[in-house]
Amino acid sequence: MSGDLRDERISQHFASAGEALSRARVLLLKPAPQNLDIAACALASAISQINDLRTAWIESPGIEMAAGIAGLRRELDLIAGLLEHAASYHVNLMQCMIEASGADVLPDPRPAQQQYQDA
């Protein structure tokens with residue numbers, strides 16, 4: 001594959017991955033069930049594009065990707081922040097519901113990783 005064609009494909013992968021991540025981030029700001037489903041599809045699309053970038057880098061390790069990777073990293077950091085905020089919100093909501101119910105709930109003694117794998 002010629003260098004120009006390869007560079008164009010890499011640019012397209014970066015653009016597609018960035019657009020998918022941006023779309024997922026916007027949808028996560030309005031976490032309705034349908035938006036979450038669409039965001040999951042957008043994230044899957046971004047993962048596919050990033051995997052294609054990884055393959056391109058393995059095939060031509062000398063190509064410059066730092067700027068594109070930095071842009072994707074910024075989007076991923078924003079998405080991670082939104083997901084952490086959502087998780088914290090749900091933990092706090094559950095705690096409030098438990099306290100309001102007056103139920104005597106004991107914490108699960110298994111490590112969190114094991115709980116995740118069982119779900």
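Guide: A crossing of two helices is left-handed if the near helix is turned anticlockwise from the far one by less than a right angle, and right-handed if clockwise. Residues are numbered from 1 along each chain as its sequence is written, and side-chain values use heavy atoms, with hydrogens and water left out.

Visitor: What pLDDT does the protein chain average?

Guide: pLDDT is the predictor's confidence in each residue, from 0 to 100. The protein chain averages 86. At least 70 is reached by 86% of the residues.

Visitor: Which element has the lowest mean pLDDT?

Guide: Where pLDDT is low, predicted coordinates should not be read in detail. Here helix H4, residues 112-118, has the lowest mean, 60. Helix H2, residues 33-59, has the highest, 93.

Visitor: How many helices and strands are there in the protein chain?

Guide: Both are DSSP runs, numbered from the N terminus: helices are H or I with at least four residues, strands E with at least two. The protein chain has four helices and zero strands. Along the sequence the pattern reads α-α-α-α.

Visitor: At what angle do H1 and H2 pack?

Guide: Two packed helices are described by the angle between their axes and the distance between the axes. Axes are lines fitted to C-alpha atoms, for helices over the stretch in contact, and angles run from 0 to 180 degrees between N-to-C directions. Helix H1 (residues 3-28) and H2 pack at about 160°, with axes 8 Å apart. That makes H1 roughly antiparallel to H2, a label for angles over 145 degrees; under 35 is roughly parallel, 65 to 115 roughly perpendicular, and the rest oblique. Their crossing is left-handed. The contact of H1 with H2 has 17 nonpolar, five polar and two charged residues. Nonpolar means Ala, Val, Leu, Ile, Met, Phe, Trp, Tyr, Cys and Pro; charged means Asp, Glu, Lys and Arg; the others, Gly among them, are polar.

Visitor: How do H1 and H3 cross?

Guide: The axes of H1 and H3 come within 10 Å and cross at roughly 15°. That makes H1 roughly parallel to H3. This crossing is left-handed.

Visitor: Which residues touch the most other members of the largest nonpolar core?

Guide: A nonpolar core is a set of buried Ala, Val, Leu, Ile, Met, Phe, Trp, Tyr and Cys residues joined through side-chain atoms within 4.5 Å. Buried means under 20% relative accessible area, exposed over 50%, partly exposed in between (1.4 Å probe, protein chains only). Of the 17 core residues, Ile10, Phe14, Leu53, Met65 and Leu72 touch the most other members. H1, H2 and helix H3 (66-101) each give two or more residues. H1 gives the most, eight.

Visitor: Is Ala17 buried or exposed?

Guide: Ala17 lies in H1 and counts as buried because its relative accessibility is 0%. Its C-alpha is 9.9 Å from that of Asp52, 35 residues apart along the chain. Ala24, also found in H1, counts as buried at 0%. Ala24 and Ile79 are 55 residues apart in sequence and 7.8 Å apart, C-alpha to C-alpha.

Terms used. This is a predicted model: local features need pLDDT of at least 70, side-chain atom pairs count only at pLDDT 80 or more; totals for chains, interfaces and linings use all residues.
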